[in-house]
Amino acid sequence: MRVAFIYPPLFMDGKIPLLGQNRQFKFTHSKEIKIFPLIPAYAVTILKQAGHEVLFLDAINRGMTGEAFEKELKAFKPELVVLETKTPIIKFHWEWIDYFKPQLESARFAICGDHVSFFPEESIQNSRVDFVVTGGDFDVTLAALVTHLEGKAVMPPGVYFRDGMEIKSMGKAELHRNLDSLPFIDRDLTRWDIYGEAYLYRPCAYILTGRGCGREGKETGGVCTFCIWQHAFWQRKARLRSPKNVAEEIEILVKKYKVHEVFDDNESGAVWSQVWLEAFLVEIEKRGLKGKFIISSNARAENLTEEKCRLMKAIGYRLLKVGLEAGTTDSLHRIGKLENVEDIIENVKRAKRYGFKVMLTMMVGYPWEDLKDVEQTYKVAKELMLYKTHFGDSLQASIIMPYPGTPLYRDAEKHGWLTEDGKDYEKMDMEHDILKSHYDNKYWCQKMWNIHKDPVFLIKSFLSLRSIRDIALALRGVKSLLGHNKDY
Ligand code: SF4
């Protein structure tokens with residue numbers, strides 16, 4: 001079959017959407033954020049290896065015009081067109097499908113993503129889409145759907161479709177048991193080199209060491225109430241690829257593509273498992289990869305223990321993206337974070353003493369908070385940013401977003417926290433206040449971003465610049481910060 005996985009171009013007031021591989025959606029002025037859509041990249045790779053003709057057309061990150069995009073898509077003559085969507089732009093995608101369906105007569109259309117995993121029937125009721133592919137492993141499910149469309153297998157679980165006047169499915173989406181059985185992403189097909197973010201050294205490549213947020217020694221993974229992928233995609237569980245399988249992929253990235261930095265965009269990386277880190281260190285030593293690449297990763301603060309910091313240092317971890325989320329334990333517990341703020345502070349400081357760069361992420365606009373709570377978040381963020389500052393330390397601040405289907409959205413309905421906009425999907429783009437807030441969300445978001453401009457932070461960062469690569473990174477960081485500042 002001829003299968004196209006696409007992101008149609010979309011702009012709003014000169015801003016571009018952060019869609020693929022983004023848990024939280026917004027339109028931004030920053031042109032420095034191009035996150036590689038990993039599961040769609042797996043999807044086209046699996047399909048190509050199965051002998052299908054595939055087109056990976058990310059018009060958003062390629063900066064394509066509508067005209068150029070349409071031309072390329074039509075020239076490909078797809079038989080199946082697949083889109084990833086999210087809550088704030090789902091109505092745009094419904095309209096897009098309805099508009100394009102008559103123009104691509106031989107094509108059927110499928111849609112996937114977090115929102116449709118919670119509400120699969122809705123897209124079939126509101127658009128002419130043929131299939132809704134649910135669950136986080138939509139790469140594997142999509143490949144099974146294509147096999148079914150060829151008449152070689154039954155319809156897989158997790159796909160919703162029309163049958164006359166009815167909407168049917170073969171049951172809930174399943175998680176693929178053995179992630180090592182998936183092929184390595186075809187980097188050429190997916191144009192890996194156009195992607196990257198301001199805080200990563202180039203050339204950089206994104207990987208997934210696993211799927212889902214794990215916790216050392218715990219049966220269930222992370223359960224933060226706002227965490228859309230952990231709930232919509234990963235069934236609150238975590239799976240890891242084997243260290244050998246990950247090392248093999250990194251070896252290809254380093255040797256064939258000359259990648260300098262690898263970013264692990266798994267929910268909480270693989271750093272939650274000490275056994276994994278130990279085995280991974282052995283693997284990269286065995287392959288002579290130690291010192292040939294650097295790796296950065298998402299991480300829960302609770303994992304920044306002495307033992308793991310030592311191991312990560314030995315492996316070559318550079319930057320850790322850590323969720324602070326809020327500056328009070330009360331707020332952390334209300335969002336199901338399962339960590340205390342004192343522990344987060346202690347663990348982040350330990351990581352900084354080990355020399356890791358830390359990117360903090362935090363949110364504002366929790367409906368139960370008052371001014372002193374957000375001041376406390378600001379205070380903690382600033383304390384951590386100014387603690388043993390090294391070039392590369394940074395933060396990201398955003399407004400809490402209760403996407404429909406998440407436990408946070410259910411809490412918001414129960415407690416009357418939603419504003420009227422909370423029923424309008426297109427307003428869940430961080431431009432509107434979806435939850436009632438007792439302070440000015442945009443003001444506090446911008447204030448947090450502005451910690452980057454604190455003179456002490458700037459001087460300490462500047463004095464720890466070490467290389468030409470650092471200077472290039474700093475320039476990209478400044479451009480990105482200017483874009484973010486315009487957003488708020
Ligand atoms: S720690 Fe992060 S990845 Fe894990 S559930 Fe919470 S928000 Fe999601």
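A residue counts as buried here if 20 or more other C-beta atoms lie within 10 Å of its own C-beta atom. With that in mind, select the whole protein chain of this predicted model: of its 488 residues, 47% are buried.

You will find 17 helices and 17 strands in the protein chain. Its radius of gyration is 22 Å, close to the 23 Å that the globule rule gives for 488 residues, so the chain is as compact as a globular protein of that length. Along the principal axes, the C-alpha atoms fill a box of roughly 65 × 55 × 45 Å.

Next, select residues 274-286, which form helix α9. The end C-alpha atoms of α9 are 19 Å apart, in agreement with the 18 Å that its 13 residues should span at 1.5 Å a residue. Now show the side chains of Trp-276, Leu-277, Phe-280, Glu-283 and Ile-284, the buried residues of α9. Looking down the helix axis, you will see these buried residues fall within an arc of 125 degrees, so they line one face of α9.

Last stop: the ligand. Select Cys-213, Gly-222, Cys-224, Cys-227, Gln-230, Glu-267, Ser-268, Arg-300 and Gly-323, which surround the ligand. By class, this shell has three nonpolar, four polar and two charged residues.

Key
Residues are numbered from 1 along each chain as its sequence is written. This is a predicted model: local features need pLDDT of at least 70, side-chain atom pairs count only at pLDDT 80 or more; totals for chains, interfaces and linings use all residues. A residue is near a molecule or strand if its C-beta atom, placed from the backbone, lies within 6 Å of it. Ala, Val, Leu, Ile, Met, Phe, Trp, Tyr, Cys and Pro count as nonpolar, Asp, Glu, Lys and Arg as charged, and the others, Gly among them, as polar. Helices (H or I, at least four residues) and strands (E, at least two) are DSSP runs, numbered from the N terminus. The expected span of a helix is 1.5 Å times one less than its number of residues. A residue is buried if 20 or more other C-beta atoms lie within 10 Å of its own, exposed if 12 or fewer, and partly exposed in between; C-beta atoms are placed from the backbone. The arc is that of the directions from the helix axis to the C-beta atoms. The radius of gyration is taken over C-alpha atoms; the globule rule is 2.2 Å times the number of residues to the power 0.38.
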